[in-house]
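Please examine the sequence and the structure shown below.

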Amino acid sequence: MEAPDLKSHRFRAEREADWQRLETLLTLFERGRSSRLSDDDVVAIPVLYRSALSSLSAARAVSLDQNLIAYLETLCTRAYFCVYGTRSTIRERFARFFTQDWRAAVQMLWRETILAAALGLVGAVVGFVLVMTSSDWFYAFISEGMAEGRDPGASAKFLRESLHDNHGAQGLTVFAGFLFTHNAQVAMMAFALGFACGLPTAYLLLTNGLMLGALWAVYAQHGLAVDFGGWILIHGFTELFAITLAGAAGFRIGWALAFPGEKTRLDALTAAGRLAAIVMVGVVLMLAVAGLLEGYARQLISDTVIRYSVSGATALIWLSFFYARDRRLTEPEPTQAAP
């Protein structure tokens, strides 16, 4: 039998010329000198990459020298990123995210989005009806500290002033930062809790709806339901839509965990996680917009009609952005694993 060292030497001698050529071409490409590559060189890179993969497979199969195997693994990994890696710039990646990936990911979660929105809406209706029936229900949904005096015992004058109070520029800045942090935490919880098969996510969305409906009912009892709607919706559509999308992403994770289908549970979770991650990056941006609207626009605009106009405009913009028909949209490409 041939000694392992002799086998490795012969194996390397028969193929080393191709490896060296591939390494030379990769070095030029990695150093930003791809313009020096001829057409034949560009065509040769994937061919040499496949040949190197074949060599790596053979070396592993016959247990050749570990240094040789490590060299081939490194060479194949470099070639993989050259052949399959992204060619786009940071600016192009950002542009693709906003024009295609984010919108496509949200559209793929339309079932989960409907479920999340329905839970929030049901909670709001139930909370509103219960508090209108008996004010005692209010404290079952909202604590006194959270209400900050906006409870069934508040006067109509106090509630009306709370809808049109101007906190000043400095106060607005602090208020906007606080609201962004709070809303981001709610959205992240709705997403993260999806790993428990989506049940805690459903509970959180329902609870948020109950709180909103209960607070709306307090204002409705004093004839301020329309004013409260303008006060909450000037930022509320953006904020609630963002939280709804976060819940939808959580539901997709939970569904993949509970019902992986023909895939393995790990593969199903990986695919769901990629899709949900794209949505969640956009959710953070939406919450930033909601924080600005809540901390600035809502306080600076006191006219109820204008508040509703801003709310309607934001709703139209978001719905058109996500759900307008666009044949250019494609499913976000999954990240491939290197060899």
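The protein contains 13 helices and zero strands, where helices (H or I, at least four residues) and strands (E, at least two) are DSSP runs numbered from the N terminus. This is a predicted model, in which local features need pLDDT of at least 70, side-chain atom pairs count only at pLDDT 80 or more, and totals for chains, interfaces and linings use all residues. Residues are numbered from 1 along each chain as its sequence is written, and side-chain values use heavy atoms, with hydrogens and water left out.

**Overall**
- Of the 339 residues, 38% count as buried (buried is under 20% relative accessible area, exposed over 50%, partly exposed in between; 1.4 Å probe, protein chains only).

**Helices α12 and α13**
- The axes of α12 (residues 265–300) and α13 (residues 304–323) come within 12 Å and cross at roughly 170 degrees; axes are lines fitted to C-alpha atoms, for helices over the stretch in contact, and angles run from 0 to 180 degrees between N-to-C directions.
- The two helices, α12 and α13, are therefore roughly antiparallel, a label for angles over 145 degrees.
- In α12, M286, V289, L293 and R298 meet R307, T314, W318 and F322 of α13 (contact means heavy atoms within 4.5 Å).

**Surface patch**
- I90, F94, F98 and L285 make a nonpolar surface patch of about 400 Å².
- Helix α4 (residues 90–108) supplies the largest share of this patch, three residues.
- L285 lies in α12 and is partly exposed, with a relative accessible area of 36%.
- Patch residues have over 30% relative accessible area and no salt bridge; like charges are joined within 9 Å, and nonpolar side chains (Val, Leu, Ile, Met, Phe, Trp, Tyr) within 5 Å.
- A salt bridge is a side-chain nitrogen of Lys or Arg within 4 Å of a carboxyl oxygen of Asp or Glu.

Key. Areas by Shrake-Rupley, 256 points an atom, 1.4 Å probe, with all protein chains shown as cover. Parallel < 35°, antiparallel > 145°, perpendicular 65-115°, else oblique.
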